[in-house]
Amino acid sequence: MTTLEENVKKYYQSGYNCSETLLHACNETYQLDISEEDMKMMAGFSGGMFIESICGALVGSIAALSKMVCKTKAHDMIPELRPLIQKHTRNFKELLSNLDCVYIKPVHHSTDPNIKCMNTCLLAA
């Protein structure tokens, strides 16, 4: 298990949602210097924004990649950012067969309260 995967397990088991888990784990693994206060921005992405839309694990991982790549703002970084995010999103969809929680949960969600969406988060990592 990689350091990132270990951090994903640690944060998910600490009660963070999927988007929070991925951003916290990446923050610790890659020293992104994101404050705990700033992490609160990820709260609303839980459960596919609470409507089983885009998976929070994908959102959190894209947030981390953006923090790693963007030096100014997104429009200045399109040549670097676009292919990276497109590749990550394609890989996510390949691994999980979809981008939306409504389709991911029936396959990857566990009824075990200690696991729930942890497998999805690990695959996103």
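A crossing of two helices is left-handed if the near helix is turned anticlockwise from the far one by less than a right angle, and right-handed if clockwise. Helices here are DSSP runs of H or I with at least four residues, numbered from the N terminus.

The model is predicted: local features need pLDDT of at least 70, side-chain atom pairs count only at pLDDT 80 or more, and totals for chains, interfaces and linings use all residues. Residues are numbered from 1 along each chain as its sequence is written, and side-chain values use heavy atoms, with hydrogens and water left out.

**Stop 1: α1 and α2**

Select residues 3-13, helix α1, and residues 18-30, helix α2; they pack at about 135°, with axes 8 Å apart. Axes are lines fitted to C-alpha atoms, for helices over the stretch in contact, and angles run from 0 to 180 degrees between N-to-C directions. The pair is therefore oblique (under 35 degrees is roughly parallel, over 145 roughly antiparallel, 65 to 115 roughly perpendicular, the rest oblique). The crossing of α1 past α2 is right-handed.

Next, show the side chains in the contact (heavy atoms within 4.5 Å). From α1 these include Leu4, Val8 and Tyr11, and from α2 they include Thr21, Leu22 and Ala25. By class the contact holds nine nonpolar, five polar and two charged residues (Ala, Val, Leu, Ile, Met, Phe, Trp, Tyr, Cys and Pro count as nonpolar, Asp, Glu, Lys and Arg as charged, the others, Gly among them, as polar).

**Stop 2: Thr21**

Center on Thr21 in α2. Thr21 counts as buried because its relative accessibility is 0% (buried is under 20% relative accessible area, exposed over 50%, partly exposed in between, with a 1.4 Å probe and protein chains only). Its side chain reaches the backbone oxygen of Tyr16 at 3.3 Å. Not counting residues up to four places away in sequence, Thr21 touches Val8, Tyr11, Tyr12, Tyr16 and Cys121.

**Stop 3: Asn27**

Move along α2 to Asn27, which is buried at 14% relative accessibility. The Asn27 side chain reaches two backbone nitrogens: that of Asp33 at 3.1 Å and that of Ile34 at 2.9 Å. Beyond four places in sequence, Asn27 is in contact with Leu32, Asp33, Ile34 and Met39.

Terms used
Helices (H or I, at least four residues) and strands (E, at least two) are DSSP runs, numbered from the N terminus. A polar contact is a pair of N or O atoms within 3.5 Å; within protein, one must be able to donate a hydrogen and the other to accept it, and residues adjacent in sequence count only if both atoms are side-chain atoms.
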